[in-house]
Amino acid sequence: MHEAVIQGWQARVREAAAAKTPLAIRGGGTKAFYGEAEQGEPFDTRAYAGIVDYEPTELVVTARAGTLLADVERTLREAGQMLAFEPPHFAPGGTLGGTIATGLSGPRRPYAGAVRDHVLGVKVVDGRGELLTFGGRVMKNVAGFDVARLMTGALGTLGIVAEASLKCVPQPRAQATRVFELSADEGIRRANEWGGKPLPLSATCQCDGRLYVRLSGAAPAVEAAAAKFGGAEVPDGEALWTAVRDHAHPFFAAARDGAPLWRLSVRSTAPHTDLGAEQLIEWGGALRWLVAPRAEASKLRAWAAAHGGHATLFAARDRSPGVFHPLPPALAGLHARLKAEFDPHGILNPGRMAAGGA
Amino acid sequence: MLPATVHAQLAALLPREALLTATEDTRPYECDGLTLFRETPAAVVLPDTEQQVVAILKLCHAARVPVVARGAGTGLSGGAMPHRDGVVLSLAKFRRIVAIDPLARTAVVQPGVRNLAISEAAAAHGLYYAPDPSSQIACTIGGNVAENAGGVHCLKYGLTVHNVRRVRAVTIDGEIVEFGGDALDAPGYDLLALITGSEGLLAVITEITVKLTPTPQLAQVALAAFPTVESAGAAVGAVIAEGIIPGGLEMMDQAATRAVEQFVHADYPLDAAAILLVEADGTPEEVAAEMAEVRRVLAASGATEIRVSRDEAQRLLFWSGRKAAFPAAGRISPDYYCIDGTIPRKALPRVLRQIEAWSAEYGLRVANVFHAGDGNLHPLILFDANRPGEADKTIAFGDRILELCIEVGGTVTGEHGVGVEKLRGTCAQFGTAEIERFLGVKKAFDPHGLLNPGKAVPTLARCAEFGRMHVHRGELAHPELPRF
C-alpha cells in the first residue's frame, strides 16, 4: 500500500514534469504562511504516513513524511525521548515532512542544534519523479554529498520529502525556568555569558524587560545551576516555552492578526538596536522577532547583514518585499544550478524560496 | 607534466619556494594517511593569501588543470592523493587564528590551523573546539571540514558539520563564496552542510568560523570489562536506554587491548573479551549523578570489573590506550589497514562475529576499536605488505566488511570519507539515480570536474566496472547500465 502511494507520487511528478505543471507541496498546511506564496496544483503528502522504524536504543526514528509531527513526538515521549530541536507546531496538524522542508527549529536550537543537525537521512521524490535515498539511519555517515541536509529547509523546491530518519535524544530528567528583570542589552549580554559557561542552559527569551532562562538536565545539575543563576522561579515554564515556540505568546498577537512579522537571525552578541518596534529575543541573542511594516525591509535587512545575519519576512499578508534575504550573485547562481539539477522542469514549489530561481 | 604556460603563470604568481615541481620536492605529497594509494603530482603550490588561491584556481580553470586541495595530509581514504597531471594546492601556510570571540563563542580560523591548536587558543576563555579526531594534534581544520571529521565525543557534541558556522571558499572559476554566517542559519539552501564533507570536490576553503563549546567543569571515565563482545554491546544499548548520552562511549576488543597495553601500560584488563570506556562530563553534580547510573547499568549488564577514574591523570591513562590504538597496531604488525564503517548498534554482535570468521578465513589478524556510542566501527586489519598477495587479500577483506555494513543498514564510511578508497563501496551503497545527482551537484559547482577529480563520487562507468567484478547478494549492482 505504501509503495503504491510513492509510485503514485512518482507518476504524478512525471506527468507534471511532462506538462510543466507546477506542484504546490503540502502537508498539514500549518506553515504555508512561511516562504513565498505557493503556486501550482496542490500536492498533499499526508497519505504517506506512519512510523517506519523506531528503536529507542539506536536513538533514531524513521517516519514517512505525512506522519503528524505530534504523533512522532508522542511516540518518542513514551520512550523517554524527544526531538532535540523542539520544532514549532504553530497549529495542530503539521507533518514531519513539513518540519523537514521548512527546517524551522524552536527554543532549544542554540544549545541542541537545528533540524538539519538531526537529519540522518531522507527519501525524496525529485523533479524527475525518481525516488532517491540520501544519508541513512546511522549517526555517522560521510558517504556521498550531504544531500539529506541540503533537502532540509529547502521548502520542497529540490524534492518532495517522502521519509526521514532523525536522531532522537533522551528527555532531560529535570527542567526549570528562571526569570530576571533585565533590559534587552543586559539580557543579551547575560545570555551570551551564560552560554559560555558549562551550565545546562536550554533556552532563553528576552521580552518586556525580562530575561527568561530554561535549564535542562540531571536534577542536581539543574538545581545547582538555578541556585547559581538566582532570579525568580517561573512555575509553569514549559507553557511559556511552548507559547514562544508556537508564536502563541502575547508578543505575537499583532502578527497573528496579520501584521508583518520579521525574523532577524544574527550574531548572538549583536547589540539591541531600536528598530522601531518591541523585540522578542530568543536563542541567546541570535534570533530577534519584531512586527514592522514591509516598508522597513531594506533597513531591517541592512541591520541584520551588518550583524552577521539575515532578515526574513516570516509571516505577512503581503509578502511583496520578498520573504528571504537576497543572496549574493555567486550563491544565487549555485542555487539556480542545484535547483536545475534536482528539478530540471521547475515544477516543485517553484518560487517558494525565490532564491536563484528556486 | 604541467603545460609550460601554466608553469610560467604559476611561477610569475608565486614566490619561488611556493611552487614545487622537482620530483624530490613533490614526492612528500604523493599520498595522505592512506599509503596504499600513491601518485606524484605535476606541481605543488603553497599560496599564503586568498588572492593567490583565486589566481591559481582561475588559471588552472582556464587551462583545465586538475587541482587537489590538501591540508595536513592525515586523511585515511586517499582524498588528498594527487592527480598525475594536476596541481596540489597546499593550505599549509594558512595557519592563522584570525579571531576568537569568547562572548559569541566562535573562532575564525584559516584552514591550515591544526584542530588541537583551536582548543589550545580557546582554553584561556574556558572554551574548546569539540570534534576531536584521533589525529587532532596534526590534522587541520580545513581538512576536518572537507571530510566532516568525527572523533570520540561525537555522540554528545556532534561531528564537524555540527560545529562549523561559516565557510569562506573559492570556487574553481575563482569566485569567493561564503556558506553559512555568524548567525545560526543562513538564507537559501544549506550549502554549509553540502560543502562539509565534500572532500575538496566543490570549492577550496580559505577561512572557517567554528563554534566553541564551554569546557566541562569535570570529566570522569568508567572502564568496564566484559566476558563477551555481545555483553559489552548490550551494555552500550542499556546505557543509552537509561537516557544517558555519555561524552564518550568506546569499545575495544581483546586483540586491541592486548596490542595497546604493551605500549601505554594503561593497566587494561587483558583477560576481558571487550572493554568499554564510558565518559561522563559536565558539572560536578551532573557527573556524579551520571556516573552512579553508568556504574549501575554496567554492573547489571554483566561487567566483571568496573573502574572509575579517580582524577584527571587516571582519566587520561584510561583513554591513552584507546587513543594509541592505531599507532599500537602499527607497532605489532608491519602494516595495518583501518576500516571505517558505521552500523546500527544492534548489529554489532553479528558484524563482529562475521569479522572474526573472515579473519580466520583470510589468515589475517584483526583488532577492533569501535566508537560504540554512534555505531562507528574501526576494525584494524593487520598485514604485511611485503608478503606477496597480502595487501590484496587485506583490501578484499576490507571490502567484505564494508559490504556487510551496508547489508545491516549502515554505511561504508562513518568519518574517514570516500576518497579513492571507498569508491567501490559508494557504488554498492547508492543507486544509479543518487550517484547521478551527486555528479550533478559536482557539476553545479565545478562543470569541468577539475577539483579533486576521481575522488568521493564514482562515475557510473566506474560503478559498472566494479559491478562486473562484484555481485552483491546475488544482485548485480546498477543492472540498467551497459556492461563491458
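In what order do the eight strands of the open sheet in chain A run? The order is β13-β10-β12-β11-β15-β16-β14-β17, with antiparallel pairing; two strands count as paired if DSSP finds at least two bridges between them, and helices (H or I, at least four residues) and strands (E, at least two) are DSSP runs numbered from the N terminus. This is a predicted model, in which local features need pLDDT of at least 70 and side-chain atom pairs count only at pLDDT 80 or more, while totals for chains, interfaces and linings use all residues. Residues are numbered from 1 along each chain as its sequence is written, chains are lettered from A and ligands numbered from 1 in the order written, and side-chain values use heavy atoms, leaving out hydrogens and water.

The edges of the sheet are β13 (232–233) and β17 (310–315) of chain A, each pairing on one side only. Strand β14(A) (residues 261–265) joins β17(A) in the antiparallel sense over five bridges, and A:Ser265 has A:His310 of β17(A) as its bridge partner.

Helix α7(A) (residues 184–195) lies across β10, β11, β12, β15 and β16 of chain A, at about 175° to β11(A).

In chain B, helices α1 (residues 4–13) and α3 (residues 50–63) pack at about 170°, with axes 11 Å apart.

Key: Contact = heavy atoms within 4.5 Å. Axes fitted to C-alpha atoms, helices over the stretch in contact; angles between N-to-C directions.
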